[in-house]
Amino acid sequence: MNLSMLNQARQLKSKLEETQKELAKMEVTAEAGKGAVRVTVNGQQDVLAISISPEVMDPRNPRALERLVLKAITDAQEKSRKQAARKMKAITGGLKLPGLF
């Protein structure tokens, strides 16, 4: 490995580390049930917040609320994954690196 390639690898590593920090700070929100359930995740798909409107809390039908929460979480994580993938692609030029998005 020549010096130029080693320097490029170091620069890529530095950019990847910076992007990981940015992703940890990035927040994405998704809704279900016309906004009755809101979920916020970060760029690493960690759930940061869940907001549930009291109107959808029906003790006779807990499954409806469960479905709304699951949909909002799934949608938020998918949005986050797509944004993270765009950021990573900008750094790697579309190169598929193991362990990355």
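Biologist: Where does Thr-19 lie, and what makes Thr-19 count as buried?

Modeller: Thr-19 lies in helix 1, where a helix is a DSSP run of H or I of at least four residues and a strand a run of E of at least two, numbered from the N terminus. The relative accessibility of Thr-19 is 7%, and buried means under 20% relative accessible area, exposed over 50% and partly exposed in between (1.4 Å probe, protein chains only), so Thr-19 counts as buried. This is a predicted model, in which local features need pLDDT of at least 70 and side-chain atom pairs count only at pLDDT 80 or more, while totals for chains, interfaces and linings use all residues. Residues are numbered from 1 along each chain as its sequence is written, and side-chain values use heavy atoms, with hydrogens and water left out.

Biologist: Which residues does Thr-19 touch, not counting residues up to four places away in sequence?

Modeller: With contact taken as heavy atoms within 4.5 Å, Thr-19 touches Lys-87, Met-88 and Ile-91.

Biologist: Why are helix 1 and helix 2 called roughly antiparallel?

Modeller: Helix 1 (residues 3-25) packs with helix 2 (residues 62-92) at about 165°, the axes being 10 Å apart. Angles run from 0 to 180 degrees between N-to-C directions, and axes are lines fitted to C-alpha atoms, for helices over the stretch in contact. Angles under 35 degrees count as roughly parallel, over 145 as roughly antiparallel, 65 to 115 as roughly perpendicular and the rest as oblique, and the two helices are therefore roughly antiparallel. The contact is made by Leu-12, Lys-15, Leu-16, Thr-19, Gln-20, Glu-22 and Leu-23 of helix 1, together with Ala-84, Lys-87, Met-88, Ile-91 and Thr-92 of helix 2.

Biologist: What makes Lys-34 count as exposed, and where does Lys-34 lie?

Modeller: Lys-34 has a relative accessibility of 89% and on that value counts as exposed; it lies in the loop between strand 1 (27-32) and strand 2 (37-42). Lys-34 also has a positive phi of about 55°, although it is not a glycine. Most residues other than glycine have a negative phi.

Biologist: Is Gln-45 buried or exposed, and how do you know?

Modeller: Gln-45 has a relative accessible area of 16%, and on that value Gln-45 is buried. Gln-45 is found in the loop between strand 2 and strand 3 (47-52), and its phi, near 65°, is again positive in a residue other than glycine. Strand 2 and strand 3 form a hairpin with four residues between them, and Gln-45 is in the turn.

Biologist: How do you know that strand 2 and strand 3 pair, and how many bridges join them?

Modeller: Two strands pair if DSSP finds at least two bridges between them, and five bridges join strand 2 to strand 3, which run antiparallel.

Biologist: What makes strand 1 and strand 3 the edge strands?

Modeller: The three strands form an open antiparallel sheet in the order 1-2-3, and strand 1 and strand 3 each pair on one side only. The twist from one strand to the next averages 15°. Helix 2 lies across strand 1, strand 2 and strand 3, and runs at about 145° to strand 1.

Biologist: Why is Lys-82 called partly exposed?

Modeller: Lys-82, which is found in helix 2, has a relative accessible area of 47% and is therefore partly exposed. Lys-82 and Gln-8 are 74 residues apart in sequence and 26 Å apart in space, C-alpha to C-alpha.
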